[in-house]
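Please work through the following exercises with the sequence and the structure at hand. Each task is followed by a solution in steps.

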Amino acid sequence: MANCSRGGSCDRAVSSGPDPSPTLWARAVATIDDPRPRSVVAVTLLALVVLPIIGLLAVTAGQLADDEAILDEVTSAISAGRLTEEYVPRSMSGRFIDVWTDCHTITIGSVDTAGASPWSVALRNPTLGNCGRMVPHVEAWTAGGELSPHFDYFRYWHGTTSVTRPLIATVGLEATRIVTAWVLVAAIAAFCWSFARRQGVIVTAALIGPFALTGDVLDLPGSLHQAWALSVALVGAVVAHEAVYRRRTPGRIMLSTVIAGAVFSFFDVLTIPPGVWALTVFVVAAAATRHVRGWALAGTAALATFGWMLGFGWMWAAKWALSIPIYGVDEVRDEVVEQTTFRLDGEPGWEIDLSFGASWTRMRDLWFLHGLTKPVLWALIILVIVVLVKRARAAGAQSLLERWPDRLVMLTPALLVPVWFEILRNHTQIHTFPLKSVPIAVGIVAAAFLVRLSPIERTPPSTEAATTSASPPVDADAPDPASTRR
């Protein structure tokens with residue numbers, strides 16, 4: 001019904017009918033934000049079921065790439081000297097890039113595929129092995145020999161191959177490295193933009209700067225799996241931070257961290273899990289400081305710690321479980337037990353120092369071999385001191401002690417790195433790439449001192465009872481006080 005004047009203008013009557021039903025997306029968000037434990041558990045279980053299925057579909061799709069085109073690229077790279085059997089440094093800092101696993105990644109699924117289904121090859125992950133074995137083997141094959149896999153590398157998902165196999169077959173190996181480099185740049189830029197928008201430029205620089213400057217980031221595309229694993233790790237951290245910043249609920253914390261851990265597990269081959277784990281927990285806790293404090297903030301950090309490891313461990317275990325129809329229970333169990341024992345304590349004859357703190361000491365010492373480590377540390381110390389002195393002069397020295405228990409909570413994610421090193425002592429000490437987690441931990445410590453802890457947005461008393469398990473909703477479109485932080 002409309003009321004029209006003589007001039008012809010009409011004012012439409014406002015409908016008094018029922019509101020339209022919520023969209024599917026709105027209902028999904030409402031379910032995720034439901035603070036009841038059964039809803040949180042249901043959402044988490046759904047993610048744990050769906051993620052391995054998506055992972056299997058992704059690696060199976062990657063197997064559809066042309067094996068012959070990939071092997072031609074490998075042959076060309078060997079002929080040009082870009083792939084050699086010597087384990088030589090590729091880093092500008094003189095440190096080793098993980099070419100050992102890079103050669104595995106490049107050839108996974110390209111051999112021993114005759115008569116096998118794509119999903120079977122995707123679960124077995126046959127590979128020509130490390131560069132020391134792959135290069136002479138391919139050279140012998142080009143001279144008329146046979147090409148056979150070194151072993152089935154089935155204990156990891158090798159999710160990188162779902163991207164790199166089609167890329168290598170389409171644009172070539174070197175172009176794949178270039179694409180990978182730009183994806184990594186985009187992931188770093190997205191993380192910095194998102195975190196700086198919410199927490200400030202200085203906090204972001206302190207958090208990511210040590211790793212960006214001393215983690216050989218620019219060289220990572222020389223090891224495809226590490227570059228892709230870091231890229232998805234940064235994206236996962238961005239999503240988790242943004243989700244919890246907008247509204248802190250147990251469902252958002254669990255779902256975002258479970259997905260972040262599972263996707264990283266899909267791409268990673270046990271390179272820098274402790275650093276990524278610690279970074280994800282820290283950014284979730286930083287986001288939650290807008291909503292809660294004290295024990296509630298500690299609970300948020302604990303839930304994020306649990307959620308990330310649940311996703312990481314479950315995704316990894318799912319790969320083993322999916323391999324059982326191919327290898328049988330006994331072979332999968334023996335492989336898991338053998339590798340777990342080896343990663344923890346090594347084998348007789350390996351020079352592994354089992355004393356407490358030895359693994360952390362080795363990684364720290366390796367990090368200090370980087371030419372920029374000491375300058376970056378001094379710059380970080382000076383930055384923290386200058387910012388804190390400036391804040392003390394502006395708001396009084398007592399302002400530095402406000403919410404100090406919350407700062408302790410913000411520091412705790414950094415402890416995940418040395419704890420991981422001490423548990424996986426063998427894996428930490430026989431490799432060099434775990435040291436990349438050290439600058440991440442250092443950045444977390446610095447950022448924990450610098451992050452601004454804003455006043456808590458209180459829930460009105462009339463609605464407090466309805467939101468005892470969840471924090472009050474926050475309007476995502478409201479002006480962001482952190483946008484003015486520098």
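**Exercise 1.** Determine which residues Phe282 is in contact with, leaving aside its neighbours within four places in sequence.

*Solution.* The model is a predicted one. Step 1: set aside the residues within four places of Phe282 in sequence. Step 2: list the remaining partners of Phe282, which are Phe195, Leu207, Met410, Pro413, Ile444, Ala447 and Ala448.

**Exercise 2.** Identify which cysteines the disulfide joins, and explain why it is right-handed.

*Solution.* Step 1: the structure holds one disulfide, and its partners are Cys103 and Cys131, with an S to S distance of 1.7 Å. Step 2: the torsion about the S-S bond is about 85°, so this disulfide is right-handed. Step 3: Cys103 belongs to helix α4 (residues 99–107) and Cys131 to helix α6 (residues 131–142), so the pair ties together parts that are 28 residues apart in sequence.

**Exercise 3.** Classify Cys103, Cys131 and Cys192 as buried, partly exposed or exposed.

*Solution.* Step 1: buried means under 20% relative accessible area. Step 2: Cys103 has 0% relative accessibility and therefore counts as buried. Step 3: Cys131, at 4%, also counts as buried. Step 4: Cys192, at 23%, counts as partly exposed.

Methods: Residues are numbered from 1 along each chain as its sequence is written. This is a predicted model: local features need pLDDT of at least 70, side-chain atom pairs count only at pLDDT 80 or more; totals for chains, interfaces and linings use all residues. Side-chain values use heavy atoms; hydrogens and water are left out. A disulfide is a pair of cysteine sulfur atoms within 2.5 Å. Helices (H or I, at least four residues) and strands (E, at least two) are DSSP runs, numbered from the N terminus. Buried means under 20% relative accessible area, exposed over 50%, partly exposed in between (1.4 Å probe, protein chains only). Contact means heavy atoms within 4.5 Å.
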